[in-house]
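Subject: Structure handover

Hello,

I am passing on the structure below for you to look over. My notes on what was found in it follow.

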Amino acid sequence: MARVLFDHVTKRFGEFTALRDFNLEIADKEFLVLVGPSGCGKSTALRMLAGLEDITEGSIFIEERRVNGVPAKDRDIAMVFQSYALYPHMTVYDNIAFGLRLRRMPKDEMDPKVKEAASILGVDTLLDRKPGQLSGGQRQRVAVARAIVREPKVFLLDEPLSNLDAKLRVHTRAEISKLHQRLGTTFVYVTHDQVEAMTMADRIAVMNEGIIQQVGSPQKLYDEPVNVFVAGFIGSPSMNFFEAEVVENGEGVRLEGEGFVVDVPDDRADDVRGFLGRRMVFGVRPENIHDKDYVPAGITAAPTAVKVDVTEPMGNEVFLHLMAGDTKLLARVDPRTAMRAGDRVEVVIDMERMHIFDPETKESALS
Amino acid sequence: MAKQVIALSKRERLLRAVSRGPLHVAIIAICLMWMVPSTGLFVSSFRPKDAIATTGWWTAFSTASEFTLANYQQVLTAQGMAQSFMNSLIIALPATLLTVAVAAFAAYAFAWMDLPGGEIIFLVVVGLLVVPIQLTLIPVLRMFASAGLTGTFPAVWLAHTAYGLPFAVFLLRNFFIALPKDLLESAFLEGAGHMRVFFRIVMPLSVPSLAALFIFQFLWLWNDLLVALVYLGGFRNVAPMTVTISNLVSSFGSEWHLLTSAAFISMMLPLVVFFALQRYFVQGILAGAVKG
């Protein structure tokens with residue numbers, strides 16, 4: 001129903017710049033997630049879109065309408081707050097109906113809408129209760145029901161899952177995705193949790209220090225991060241980084257790190273030849289480091305000697321905290337591994353999927 | 001192990017009780033001392049005139065037959081105290097409601113609206129707390145005189161409201177600003193303007209602080225003598241109880257039996273108000289301070 005556009009938006013609080021030259025286009029019906037560490041400006045961006053903060057510079061458009069200076073109440077936007085912000089003195093029914101009553105909707109038109117929204121969220125049996133009598137999960141559902149009942153153009157969610165326990169969070173994540181499909185409304189979702197971003201988003205905008213780092217589909221961000229920040233932020237456990245010098249001898253291209261050496265597979269050799277003799281930052285994800293005894297077929301790289309610091313069995317896999325020379329690496333290996341803390345062992349670091357970054361700019365060196 | 005823990009905590013409890021003992025004794029002693037004059041007043045108000053003049057109130061309990069309701073009867077009928085009681089109500093109730101209403105609007109604006117220079121205006125309003133009331137009596141009286149308001153109830157309503165506002169605005173603003181910001185923002189997003197947010201969200205959530213302010217202001221106005229005397233004059237048809245009681249002293253000299261019963265009639269309503277709303281009273285004082 002609505003396209004959203006941030007056009008060169010800057011937000012300053014006194015001396016502090018919370019958002020710097022922020023440009024983002026959110027397509028109609030898209031589920032866009034703003035993700036980043038706390039204080040990165042993601043909530044500020046959302047609050048500006050909602051009309052709760054002034055815009056210092058630039059413009060925000062909803063559909064074709066420039067909304068700078070348009071009060072929150074006239075933007076036709078609904079928001080779910082992290083605290084849920086339910087009105088404690090009203091029943092669940094009155095909470096959901098609040099916005100409709102403000103629009104003076106007749107009772108016979110309002111009543112079915114309230115009940116439908118409540119039943120979509122599964123809170124139709126709680127309509128007579130006050131928020132104080134609800135559990136955290138129920139409150140969260142009421143907050144969402146209150147937001148969808150008005151059928152807003154844009155739906156904003158500010159860390160709506162962070163007050164739920166882990167199990168409920170996973171469940172609600174799927175529910176919100178389903179809700180998005182059902183409503184077909186533009187969703188803008190703010191979170192600091194990259195797992196939420198990856199699982200729900202059509203597109204993710206990764207932010208840091210008030211600046212958008214990269215915008216793209218979850219897979220694109222995972223496979224082709226543009227800088228060290230995005231590479232480290234997306235993916236859990238996060239990517240390993242190490243500095244190494246690119247060296248070529250008769251046998252092929254190798255990376256010489258602090259106290260260890262890794263082979264570069266032939267089909268990636270051309271990517272690094274341009275940096276021969278230079279020290280670069282290399283990134284390799286934990287799942288690309290394998291126990292020597294359980295290497296997937298097709299990976300031919302020579303093993304690298306490492307020392308095991310800690311093992312963390314997860315059941316379906318084991319996380320190994322390794323020391324390769326002076327470099328810390330995290331590996332995510334087959335659960336059958338026999339490696340134990342303190343062992344000196346060999347692992348296969350598969351550089352087929354490596355990422356290369358400039359040590360100065362921290363930008364990706366892959367074109 | 002467990003036994004030891006329990007034994008220890010028992011000993012601790014005992015120690016605490018012993019160490020707090022003197023504190024409790026002191027508090028009870030102070031309360032009793034505080035209550036002695038009021039108790040004396042109360043007992044005296046039921047004693048005949050001659051008995052009050054000749055013996056102390058503490059001797060009253062030895063001869064029970066001495067008690068009488070005649071003092072109250074005389075005060076309420078012959079001295080016009082019933083009329084004054086009504087006058088006090090007519091003065092205190094509207095003036096209190098007016099103060100609370102105006103202060104609530106102002107406090108909301110200071111707490112939640114983007115007023116240019118709002119902080120400074122708020123500081124000025126609170127700063128007015130230090131202006132002595134006596135400083136304003138003559139200029140305001142002149143103003144009322146030129147407007148033909150002297151001797152009328154609206155004059156005291158306006159005066160009391162004006163004198164009460166600095167504290168009232170201060171109290172309510174600090175309470176309102178401690179309300180969760182998300183609640184108000186959520187209401188704005190749903191399409192509510194400031195008026196709706198004020199009446200539908202802020203007012204219902206602020207009942208404790210409004211009640212506390214109501215009690216404060218009502219007690220203050222009920223006990224006021226100065227403002228009523230200056231702006232109303234001493235005329236019997238408009239005089240509140242405080243004025244009438246003080247007249248009892250001057251015109252009857254040592255009519256203790258009338259004075260004591262009149263004082264008790266005057267104390268009755270504040271006591272009722274206080275006990276009816278005391279739950280809010282304590283809550284309200286703490287309410288603004290806890291968060292923020």
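Two strands are taken as paired if DSSP finds at least two bridges between them. With that in hand, the bridge partner of A:Gly283 in β20(A) is A:His355. Please note that this is a predicted model.

The open sheet of chain A

Chain A also has an open sheet of 6 strands with mixed pairing, in the order β6-β7-β8-β3-β9-β10. The edges are β6 (77–80) and β10 (211–216) of chain A; each has a single partner strand, so one side of each is left without a neighbour in the sheet. From one strand to the next, the twist averages 20°.

Within this part, β7 (residues 154–158) and β8 (residues 186–191) of chain A run parallel and are joined by 5 bridges. A:Leu156 stands opposite A:Val188 of β8(A). Helix α4 (residues 136–148) of chain A packs on the sheet, where it touches β6 and β7 of chain A. The direction of α4 makes about 175° with that of β6(A).

Two helices of chain B

In chain B, the axes of helix α5 (residues 118–127) and helix α7 (residues 153–176) come within 8 Å and cross at roughly 130°. The two helices are therefore oblique to each other, and α5(B) passes α7(B) in a left-handed crossing. On the α5(B) side the contact is made by B:Phe122, B:Val125 and B:Val126, and on the α7(B) side by B:Pro166, B:Val169, B:Phe170 and B:Arg173. By class, this contact has 6 nonpolar, no polar and 1 charged residues.

Where the chains meet

Contact between the chains involves 15 residues of chain B and 17 residues of chain A. On the chain B side, α8 (181–189) and α9 (194–205) each supply at least two residues. The largest share, 6 residues, comes from α8(B). The residues on this side of chain B divide into 8 nonpolar, 3 polar and 4 charged.

Regards

Definitions and conventions
Residues numbered from 1 in each chain as written. Chains lettered and ligands numbered in written order. Predicted model: local features only at pLDDT ≥ 70, side-chain atom pairs only at ≥ 80, totals over all residues. Axes fitted to C-alpha atoms, helices over the stretch in contact; angles between N-to-C directions. Helix = DSSP H or I, 4+ residues; strand = E, 2+ residues; numbered from the N terminus. Parallel < 35°, antiparallel > 145°, perpendicular 65-115°, else oblique. Left-handed = near helix turned anticlockwise from the far one by under 90°. Contact = placed C-beta atoms within 7 Å. Nonpolar A, V, L, I, M, F, W, Y, C, P; charged D, E, K, R; others polar.
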